[in-house]
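Here's a quick briefing on a protein and its ligand. Have a look at the structure first, then read on.

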Amino acid sequence: MKIIQEIVQLQTAISKLDLATIGFVPTMGALHEGHEALIKKAKEENDLVVVSIFVNPTEFGPHEDYESYPRDLEADAKVCAILEVDILFAPSVSEMYRNNSDISFNAGSSSKIMCGATRPGHFNGVLQIFNKFFGLINPTRVYFGQKDAQKIALLRAFVHDYYLPIEIKMVPTVRDLDGLAYSARNGLLTEQERQQAVELHRALLLAKARLKDGEEQAVVLMQARSKLEQTVGKVDYMEFLSYPDLTKDVHASEYKILAAALQFSTVRLIENEIFE
Ligand code: AMP
């Protein structure tokens, strides 16, 4: 496995690959079983796998956890080596944002709802960094966890609109034994929050079953929300929308997304269910 921190080295390595299919797994590091599932899927479907580890400052708001986000490149490199990743790209912030003009990105209206409502500018930062990654890595397929369904919807629309020959793949969320989705931030939950965090997945599963049974949407969502309000967390949003368009017109859409975010003292957890 090559560990690369500089863009020129990455460009040289990528340019030598000729016709190989490249599976790209973008991460912020602190790798866990969820990331591992993406890497394994990418290994199965491509000639080569590139994993990036980059905590992108332009995705974080001024009061978010950019500084305290867990970082451990040495441990992550070991995980990637075991999984036979071909290239681990772990650039510095100055490397990724060197030569920056003042060109900016507007991720559009669907980036202002759900996670975008409380994280203004987050998805603009996502588009900015993915433009760079796509240009540098030229991936055939890019792998995301279902947890990031809103990011997946945005990037699918983006590659479609701009004719980028890139497939955006969604991998099911990987969970701990009690159902809590693995996250680099789970270790920052207090003991009580960790116990209650599982309610997020439970509430969505129950609400999904009730919606599929044809129960009234407003009632189901309100009850799911009030279940979560019994935890020490604060419900950031609870939305039932069409997927991937993310509109209120759920009945016109084949797939729907039921998504929620729960804000604990220092950690915000996101979760979703996508169904017909
Ligand atoms: P992050 O490092 O949090 O930016 O996540 C990198 C990628 O891993 C994203 O595509 C996430 O959706 C995905 N991911 C994070 N947690 C999980 C999980 N528990 N199961 C599956 N994929 C995940």
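A crossing of two helices is called left-handed if the near helix is turned anticlockwise from the far one by less than a right angle, and right-handed if clockwise. Helices (H or I, at least four residues) and strands (E, at least two) are DSSP runs, numbered from the N terminus. What you see is a predicted model, where local features need pLDDT of at least 70, side-chain atom pairs count only at pLDDT 80 or more, and totals for chains, interfaces and linings use all residues. Residues are numbered from 1 along each chain as its sequence is written, and side-chain values use heavy atoms, with hydrogens and water left out.

**Two helices**
- Helix 8 (residues 191-212) and helix 9 (residues 217-229) have axes that come within 10 Å and cross at roughly 165° (axes are lines fitted to C-alpha atoms over the stretch in contact, with angles from 0 to 180 degrees between N-to-C directions).
- That's why helix 8 counts as roughly antiparallel to helix 9 (the label for angles over 145 degrees).
- The crossing of helix 8 past helix 9 is right-handed.

**Around the ligand**
- The ligand is surrounded by 16 residues (each with a heavy atom within 4 Å of it), and the closest are Met28, His35, Asp148, Val174 and Tyr182.
- Helix 2 gives the largest share of this shell, 3 residues.

**Polar contacts** (pairs of N or O atoms within 3.5 Å)
- Asp148 has a polar side-chain atom 2.6 Å from an oxygen atom of the ligand.
- A polar backbone atom of Val174 sits 2.8 Å from a ligand nitrogen atom.

Notes:
A polar contact is a pair of N or O atoms within 3.5 Å; within protein, one must be able to donate a hydrogen and the other to accept it, and residues adjacent in sequence count only if both atoms are side-chain atoms. Angles under 35 degrees count as roughly parallel, over 145 as roughly antiparallel, 65 to 115 as roughly perpendicular and the rest as oblique.
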